[in-house]
Amino acid sequence: MKARPPTLREKKRYILASIWPPEPEPEPDPKELYGAVLEAVTSLFGDAATARIRPVVISCETGYVLLRCSRGCEKQFRIALATLTSVGERRIVLHPKATSGTLLALRRKIPPALPSLEGEDGGVQYQGKEWSARRYHGQKVDLLEKGIKGQAPLYITQDDIEERSCSHRHTRWDTTGQ
Amino acid sequence: MMETDACVHPCPAGNASVRRMALEAGALGLRAIVARDAMPGEYAGVRIIPALIISEPDIRKVSGQIRKRGAVGTLVLVDAGENGFNRALLAMKGVHIVRNICRTHRNAFDHVAARLAEASGVAVDIDLYPLIHARGAARQRVLHRYIDLIRLRSRYHFPLTLSTNACSVLDMRSPGEMQLLCTLFSLPEEDAALALSTPEAQLQPVEPVRVVR
């Protein structure tokens, strides 16, 4: 079949969005993610608007996802993405980072240093409980209670752990206005 | 302009520490967060404004709570109730923000309450949590309520605040996303940007000019 000339093709926009949290799996299944995105758009704008927006998940890369929509509908699409809260059973949030007319330009905007992990700790004592910890570059630490399946995570910082472990430690809090 | 999320719920109400919420807020582009029962301070360049949330059906109990627990530098947020309660609340000193308007009856915040809010400078909070998490009729009801609120605001110009009411870092949204969500109920993006800076203004209200000798 002969391809349409470029002037007759539908114009599209590509959106780069970060996936948070990047764990426990590095990236969600693209099919499941597409289902979640479609549900978010349809529930907010309805079937007719979804047909105009034409949301598509192009690829899931480490910590990022590439999405596509019709040109002129990117604002609506970004609103719908803000209402996405889970993919299957997994809590997830997509934060749009950039919009472009070409995939090439968008791929260039993917930062080389993704929210990479420093590694997983064996265990951390916090609030009198044993937790398995996942540390990120910087201060972020995600805790998951050990031994109980499906336990809700706890999101803290390295400073919180240090403050708990050493109660006499001078904290990094500044007083407002001083 | 200090973009501020007007209400977040760190530990123990939520599953993230106030520092972690401040860290995530900074990454999202917010400059301040109003955190429930937190200590005032700054972390990772994000200002933490403590919030006192009062959820009482009786106006005398609200007054008592403000006297007991209200402090300088703390934002006082009170849950809205029925019409009479809201009018009394808006005339009360020490109240900064009226929240949970979306959970009240349509007539609970009418043109008289709007005029009172404008006169007293009390802000009305727009909770984005139900817009993000609710689906179907529940979200439609909230959108309808906010459209009505924005209609009143276009006439009376009372201050607004925007909050995600995040209990987790996954519930937090960037200022851009919050502004976009506000377009769902016809709040222009520039007004939404203004609403993001309202909590800071509520802490430093404009007072009449005084002669200092």
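## Salt bridges and the interface

Glu189(B) and Lys75(A) form a salt bridge whose closest N and O atoms are 3.3 Å apart; a salt bridge here is a side-chain nitrogen of Lys or Arg within 4 Å of a carboxyl oxygen of Asp or Glu. The pair joins two chains, because Glu189(B) lies in helix H8 (residues 189–196) of chain B and Lys75(A) in helix H2 of chain A. Helices (H or I, at least four residues) and strands (E, at least two) are DSSP runs, numbered from the N terminus.

This is a predicted model, in which local features need pLDDT of at least 70 and side-chain atom pairs count only at pLDDT 80 or more, while totals for chains, interfaces and linings use all residues. Residues are numbered from 1 along each chain as its sequence is written, chains are lettered from A and ligands numbered from 1 in the order in which they are written, and side-chain values use heavy atoms, with hydrogens and water left out.

A further salt bridge links the side chains of Asp160(A) and Arg19(B). The two named pairs are listed below.

| Salt bridge | N to O distance |
|---|---|
| Glu189(B) and Lys75(A) | 3.3 Å |
| Asp160(A) and Arg19(B) | 3.0 Å |

Between chain A and chain B the count is seven salt bridges, and over all chains it comes to 18.

Contact (heavy atoms within 4.5 Å) involves 35 residues of chain A and 34 residues of chain B. The area buried between chain A and chain B is about 3,100 Å², with carbon and sulfur atoms giving 56%; buried area is the accessible area (1.4 Å probe) that two parts lose on being put together, summed over both.

## A sheet in chain A

In chain A, four strands form an open sheet in the order S2-S3-S1-S6, with antiparallel pairing; two strands pair if DSSP finds at least two bridges between them. Strand S2 (56–61) and S6 of chain A are the edge strands, each pairing on one side only. Strand S1 (residues 12–20) of chain A is joined to S6(A) by seven bridges, and the two run antiparallel. Within this pairing, Tyr14(A) stands opposite Ser100(A) in S6(A).
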